[in-house]
Amino acid sequence: MLLVGYFILLLVVIIVAIFLVYMVLEIWGDIQGAPYVPSGNRDIDKLLEVVKIKPGATVIELGCGSGRFLRAAAVKYKVFGIGVDVNLVLVLWARLSCWV
């Protein structure tokens, strides 16, 4: 019974953390002047087909946001990605998500 209580507490903490990250991204985006609009998986796949990246290339993305495009390019084409964004929270989010 105690294990179930800890599991529920952990679940609540995760949900609250996700909500807080979302709120920080929303507020920070308003401060920076540009909203965060993530690209969909279908859009990323289409863009990767159109761009035709060569394996081992270096890809630089301006306004990378959370780095979803760069991560997809790195996984699919084994490229080195450099992302640039003015939103420091999104840059931190991108760096953390690359380690996971």
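I looked up F69 and found it buried, with a relative accessible area of 12%. (Buried is under 20% relative accessible area, exposed over 50%, partly exposed in between, with a 1.4 Å probe and protein chains only.) F69 sits in helix α3, residues 68–77. (Helices are DSSP runs of H or I of at least four residues, strands are E runs of at least two, and both are numbered from the N terminus.) I then checked F69 against V59, ten residues away along the chain: their C-alpha atoms are separated by 10.0 Å.

Note on the source: this is a predicted model, where local features need pLDDT of at least 70, side-chain atom pairs count only at pLDDT 80 or more, and totals for chains, interfaces and linings use all residues. Residues are numbered from 1 along each chain as its sequence is written, and side-chain values use heavy atoms, without hydrogens and water.

Whole chain next. I listed four helices and two strands in the protein chain. From the N terminus on, their order is α-α-β-α-β-α. Of the 100 residues, 20% count as buried. The C-alpha trace spans about 55 × 35 × 20 Å along its principal axes. The radius of gyration is 17 Å, whereas a compact globule of 100 residues would have one near 13 Å. (The radius is taken over C-alpha atoms; the globule rule is 2.2 Å times the number of residues to the power 0.38.)

Then helix α4, residues 88–99. Its twelve residues reach 17 Å from first C-alpha to last, close to the 16 Å expected at 1.5 Å a residue. (The expected span is 1.5 Å times one less than the number of residues.) Which residues of α4 are buried? I found L90, V91 and A94. They cover an arc of only 105° around the axis, so they lie on the same side of α4. (The arc is that of the directions from the helix axis to the C-beta atoms.) L88, L92, R95 and W99 are exposed on the other side of α4.

I took a second look at R95. R95 counts as exposed because its relative accessibility is 57%. R95 and G83 are twelve residues apart in sequence, and 9.6 Å apart in space from C-alpha to C-alpha.

Last, helix α1, residues 2–32, where I placed I8. I8 belongs to a nonpolar surface patch that also includes V4, F7, L11 and V12. The patch has about 1200 Å² of accessible area together.

Technical notes: Patches are made of residues with over 30% relative accessible area and no salt bridge: like charges are joined within 9 Å, nonpolar side chains (Val, Leu, Ile, Met, Phe, Trp, Tyr) within 5 Å. Accessible areas come from the Shrake-Rupley method with a 1.4 Å probe; for residues, only the protein chains shown count as cover. A salt bridge is a side-chain nitrogen of Lys or Arg within 4 Å of a carboxyl oxygen of Asp or Glu. The expected span of a helix is 1.5 Å times one less than its number of residues.
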